[in-house]
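User: I'd like to learn how to read aromatic rings and nonpolar cores in a structure. Could you walk me through an example?
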Amino acid sequence: MIDTRYCVTFARYNRWQNKQLETMLGALDFKELTRDRKAFFGSILGTLNHLCWGDKIWMSRFDGGEKPDCTAKEALDRFPTLAAWSAERFQLDGRISLWAAHLHNVDLAGDLTWFSGLTGRENTQPMSVLVPHFFNHQTHHRGQVHAMLTATGSEAPVTDLFMMPEDF
């Protein structure tokens, strides 16, 4: 069973990884960020935009707050520059951190039911599955960005969880 410490740790990890990416991606020009690299969501920026959309839809399910105001497909162009993405990411990472900080273990017990546009139906799954999925989804797509970043010849961030600084 996951607990609140798990959520706080992975919220911190998420914020750390996104901050590292922001720094390293800042060295790339717009053309490199938007080049179609034949990834599932095309470009580095397209993948990052998808991740914002995914985080926002899951957070709306977890915290009852704002959900994306566009479809998953429309989200690929939602934040057209690194600066726009960075601003959204900062807000979203804060939201995730606040959610995790205010959780109680009982909040992670039981099931969550939601309507999924992807499946076109109502779904019910245990929170103990959905919360790890949420954090795993982030790691998965940041891994794709990591690969695309190294393909540009750039240095990619350290991703080892045990290397995370205490101040994140």
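User: Which residues is Trp99 in contact with, leaving aside its neighbours within four places in sequence?

Analyst: In this predicted model, Trp99 is in contact with Cys7, Met59, Phe62, Asp63, Val131 and Phe135.

User: Which residues touch the most other members of the largest nonpolar core?

Analyst: That core has 26 residues, and those touching the most other members are Cys7, Trp58, Phe62, Trp99, Val131, Phe134 and Phe135. The elements giving two or more residues to this core are H1, helix H3 (44-63), helix H4 (82-101), strand S1 (111-116) and helix H5 (127-151). Another core, of 16 residues, lies apart from it and includes Leu21, Leu45, Trp85 and Ala156.

User: Now the rings. What describes a pair of aromatic rings?

Analyst: Two values do: how far apart the centres are, and the angle of the planes. Here the count comes to 12 aromatic pairs, taking centres within 6.5 Å. Take Phe10 and Tyr13: their centres are 6.1 Å apart with 70° between the planes. Planes over 60 degrees apart count as edge-to-face, so this pair is edge-to-face.

User: Where do Phe10 and Tyr13 lie, and are they buried or exposed?

Analyst: Both sit in helix H1 (residues 4-25), three residues apart, which is about one turn of the helix. Phe10 and Tyr13 are both buried.

User: Which residue lies over the face of Trp58?

Analyst: Arg61 does, at 4.4 Å from the ring centre.

Technical notes:
Residues numbered from 1 in each chain as written. Predicted model: local features only at pLDDT ≥ 70, side-chain atom pairs only at ≥ 80, totals over all residues. Heavy atoms only, no water. Phe/Tyr/Trp six-rings, centres within 6.5 Å; stacked < 30°, edge-to-face > 60°. Helix = DSSP H or I, 4+ residues; strand = E, 2+ residues; numbered from the N terminus. Buried < 20%, exposed > 50% of the residue type's maximum accessible area, 1.4 Å probe, protein only. Lys NZ or Arg CZ within 6 Å of the ring centre and 35° of its normal. Core = buried A, V, L, I, M, F, W, Y, C linked by side-chain atoms within 4.5 Å. Contact = heavy atoms within 4.5 Å.
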